[in-house]
Amino acid sequence: MTSSISAPAALGRLLPVLATTLVFIAGFLVCASIYPNFASMRVVMNLLTDNAFLGIVAVGMTFVIISGGIDLSVGSVIGFTTVFLALAIERWGVPPLVAFAMILLICAAFGAGMGAVIQYFDLPPFIVTLAGMFLARGLSFLLSTQSIPINAELYSHLSDYALRFGAGARLTVPAMIMLAVVASGMVLLHLTRFGANVYALGGSRTATALMGVNVNRSTVLIYTLSSALAGLSGIVFSLYTSSGYSLSAVGVELDAIAAVVIGGTLLSGGYGFVFGSFVGVLIQGLIQTYISFDGTLSSWWAKIATGLLLFAFIAFQQLTLHIAGRSGRRPRLATAGAAQS
Amino acid sequence: MNFKAVLLASALSGALFSVGANAAELTVGFSQIGSESGWRAAETTVSKAEAKKRNVNLKIADAQQKQENQIKAIRSFIAQGVDAIFLAPVVATGWDSVLKEAKEASIPVVLLDRDIDPSGKELYLTAVTSDSVHEGKVAGEWLVKTAAGKPCNVVELQGTVGASVATNRKKGFEDGIAGASNVKIVRSQTGDFTRAKGKEVMESFIKAEGGGKTICAVYAHNDDMMVGAIQAMKEAGLKPGTDILTVSIDAVPDIFKAMAAGEANATVELTPNMAGPAFDAVMAFKAKGTVPPKWIQTESKLYTQADNPMAVYESKKDLGY
């Protein structure tokens, strides 16, 4: 993705992602030095499995935030998806694969609807997706307030299937799906016309329109992608727990936004990387793992640590913007400017 | 009592073991739901104390009411190679795959306070829970004994409609008074397990029952509602504990204060000590391979004014209720 840019400029562009990755590696090394069992494939694989649903929505959220928007509905869409799947498979007798296809279509349509409202009525994404969040959560409660177990054979096959490496380390299906989504997300964002449009939209809508990009279509597609990925994340979540529950994944949208920002994406849009968001997810998982390894800390420290990290990364971004501003560059080219100075 | 005997046996063998092998420290990971209620907080405090008593290294992960956090915590307990895992499940379903992982790693899992979906019976060592039907029954039997054959009209403050605890405590109480034709439930309404609602419903009961003159006893599904009801009775000029008998469930500190003041008569304890019997079961299992029964029922102890309520209050007030 950086082949067309000179080496120092590429390094500058990647600075926030590098910083995030370094924080993750440093954190992991610190944990490994404290707890002997930490530095194992098992812990690494657990990080992937346990955060798979978050990783998948974080990829979608990266697209939305780079385009200058926000999607608050994803957590509720996950919850709705798990309940829908449980009911469809257990009560209505729909084969699991058909149910998967149905829910992905429903979620994509839901996202397209939100994107269309945002674009054609010129409404702030915050409000539209907030409405979407209430709508999806409300709908899932309407379907069922109970936690419904899913006993379909496919589910037990999928949740038992894993590639095993040595002592207890397993690359599970949710983890594989997440890795695939991260990889495809990177290709889509960095190597396609659609991806270029996403960056352009985050820079300036008017300029993008003037460039001849179909802004309407792009915006609708971005929210469609985010909701469809939330649906996929819901499928993964239902695999993870083999059940559907209307209260599942409450607040995941905020975790996803945090992961994206920690991963170096600018909340104002126009700049960011899918890989950064992936590492942002892993950092949050790492903090949680540390806390359960410790066993005496309140789990709320995870939130505090995430908050502090967010703050640190935003300060870091502002600093690079400031340096870029002094060298007379436009803010969104900040890191390129920083690299030249 | 069959269960009590088993409980006692496992407690004894656990005690023997801990005396014999003090140096062999056991590490137990406890995935706690959260701290949504006073009882839950007390359970955490008591678990820590019980672990210390037995020289067990207890690691607690608070899941903030989220199942995904509990699954994550269990996975990292397995990765740490703990000796046993305690789980207070936030929902009944969805534990199969993570518990299978624990089983594969030969780490016994003990459920605390709540059971999981039946399909996983072979996936855990035992479940330590109270029997909420039995709790209601103990309350009912106390009232039958106390009424001593005299006619007694009971008003009932139910818990949240549809909550299994409320359904069970209602059923248990009805079972308890079934043999006594003199004790009758005349009114029954939900007070949502809260003080405010308990007070409000009691006020309407008092109005409906001629200023409370025809009420002989109040049964509340939890102590909080009873504390509210006591307030309502006092405001209506009645003497709770003398004019109207009270019996409720949970044994939170505040009800002991009311009992010490003579304003409440009896409470049935939902013990916050689920971890104690669980530690004993795990220790016996680790030491001698003793397989505990699938269900260890905790004792539903009855407390009355004769049990030195002030002393109980003192011992409970710092547990975090």
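1. Two residues are taken to be in contact here if their C-beta atoms, placed from the backbone, lie within 7 Å. With that cut-off, four residues of domain 1 of chain B are in contact with five residues of domain 2 of chain B. By class, the side of domain 1 that touches domain 2 in chain B consists of one nonpolar and three polar residues, with no charged residue among them. The model is a predicted one, and the points below should be read with that in mind.

2. The two domains of chain B are assigned as residues 2-130 + 271-290 for domain 1 and residues 132-269 for domain 2, so that domain 1 is written in two segments by the definition of bounds taken from an automatic or database assignment. The centres of domain 1 and domain 2 of chain B, taken over C-alpha atoms, are separated by 33 Å.

3. As for the overall form of chain B, the C-alpha trace spans about 65 × 40 × 35 Å along its principal axes. The radius of gyration of chain B is 21 Å, which agrees with the value near 20 Å that a compact globule of 321 residues would have. Chain B contains 11 helices and 12 strands, and buried residues make up 54% of its 321 residues. Of the contacts in chain B with a separation of 6 or more, 77% are between residues 24 or more positions apart.

4. Where chain A meets chain B, the contact takes 24 residues from chain A and 24 residues from chain B. On the chain A side, helix H3 (41-50), helix H8 (153-160), H12 and helix H14 (274-294) each supply at least two residues. The residues on this side of chain A divide into five nonpolar, 16 polar and three charged.

5. The largest nonpolar core holds 147 residues, and the members that touch the most others are Ile56(A), Val57(A) and Val110(B). Helix H12 of chain A (residues 215-241) gives this core its largest share, namely 14 residues. As general background, nonpolar side chains in soluble globular proteins tend to be buried together.

6. Which residues are in contact with Ile56(A), leaving aside its neighbours within four places in sequence? They are Ile177(A), Met178(A) and Val181(A), together with Leu229(A), Leu232(A), Ser233(A) and Val236(A).

Key:
Residues are numbered from 1 along each chain as its sequence is written. Chains are lettered from A and ligands numbered from 1 in the order in which they are written. This is a predicted model: local features need pLDDT of at least 70, side-chain atom pairs count only at pLDDT 80 or more; totals for chains, interfaces and linings use all residues. A nonpolar core is a set of buried Ala, Val, Leu, Ile, Met, Phe, Trp, Tyr and Cys residues joined through C-beta atoms within 7 Å. A residue is buried if 20 or more other C-beta atoms lie within 10 Å of its own, exposed if 12 or fewer, and partly exposed in between; C-beta atoms are placed from the backbone. Helices (H or I, at least four residues) and strands (E, at least two) are DSSP runs, numbered from the N terminus. The radius of gyration is taken over C-alpha atoms; the globule rule is 2.2 Å times the number of residues to the power 0.38. Ala, Val, Leu, Ile, Met, Phe, Trp, Tyr, Cys and Pro count as nonpolar, Asp, Glu, Lys and Arg as charged, and the others, Gly among them, as polar.
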